[in-house]
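Hi,

Here is the structure I said I would pass on.

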Amino acid sequence: MSSFIPPGERIVTVEDAKELQLHQRHVVSLEARPMNVEGRGEVTIRDLVRNCLRMRPDRIVVGEVRSGEALDMLQAMNTGHSGSLTTVHANSPRDALARLETLVLMAGYDLPIRAIREQLASALDLVVQMIRHPDGSRQVVAVTEVQGLEGEVVVTADLFVGGVDGVRPTGTRPRFADRLAQRGVDLPARLL
């Protein structure tokens, strides 16, 4: 997915252990560090997400959110870093949204669930679900659009669903297609 990021954009990656291999020119890689034997010197993913905002990134790529850094990532996505990417482990796109809610609560702030859901609905456009096969290969099995918030519910729509034989479009027109068109980006007809 990162290959679709325009070459002139500055990307900051944040990971526990450096695994991502982006091939763009303007990539800054940040890596977490465990505490030393004296119990000092730890640099967490959350620390790195906060600090990468000072590096003028166009895009932030977080290898995986597992804790309170989910809140910082959502806030970054809602304050000018749209198009950023992160991964989260979950069993389905809906479960990923629920898990992100839980991870945001781990940030240590007493935020109301509605406020968290508003952040999710505003920050996220797509949830792409992948599975890993026993041979180690990975496959996309769902692409779900986050369409907004209605009442207390984050509304989603499956754009592509599938299984071991591949994904197929559901026929649902993505709402974000109009926003892209306003920016001069035309999606191929097979995606609409």
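Predicted model: local features only at pLDDT ≥ 70, side-chain atom pairs only at ≥ 80, totals over all residues.

In soluble globular proteins, nonpolar side chains tend to end up buried together. Here the largest nonpolar core has 30 residues, and the members touching the most others are Val14, Val62, Leu100 and Leu124. At least two residues each come from strands E1 (11-15) and E3 (59-62), and from helices H1 (45-52), H2 (69-77), H3 (93-105) and H4 (113-123). H2 is the biggest contributor, with six residues.

Asp16 pairs with Arg66, with 2.1 Å between the closest N and O atoms. This one links distant parts of the chain, 50 residues apart: Asp16 is in the loop between E1 and E2, and Arg66 in the loop between E3 and H2. Both ends are partly exposed, Asp16 at 38% relative accessible area and Arg66 at 41%. Glu64 joins in too, as Asp16, Glu64 and Arg66 are linked in a network of salt bridges.

Asp72 has two arginine partners to check. With Arg46, the closest N and O atoms are 2.5 Å apart; Asp72 sits in helix H2 and Arg46 in helix H1, 26 residues away in the chain. Asp72 is buried, at 10% relative accessible area, and Arg46 is buried as well, at 14%. Asp72 also forms a salt bridge with Arg50, at 3.7 Å from N to O. Arg50 lies in H1 and Asp72 in H2, so this pair ties together parts 22 residues apart in sequence. Arg50, though, counts as partly exposed, at 38%.

Last, the glutamine. Gln24 is in the loop between E1 and strand E2 (27-31). Is Gln24 buried or exposed? Its relative accessible area is 15%, so Gln24 is buried. The Gln24 side chain reaches the backbone oxygen of Ser2 at 2.6 Å. Not counting residues up to four places away in sequence, Gln24 touches Ser2, Ser3, Ile5 and Ile11.

Cheers

How values were computed:
Residues numbered from 1 in each chain as written. Heavy atoms only, no water. Core = buried A, V, L, I, M, F, W, Y, C linked by side-chain atoms within 4.5 Å. Buried < 20%, exposed > 50% of the residue type's maximum accessible area, 1.4 Å probe, protein only. Helix = DSSP H or I, 4+ residues; strand = E, 2+ residues; numbered from the N terminus. Polar contact = N/O pair within 3.5 Å; in protein donor to acceptor, adjacent residues only side chain to side chain. Contact = heavy atoms within 4.5 Å. Salt bridge = Lys/Arg side-chain N within 4 Å of Asp/Glu carboxyl O.
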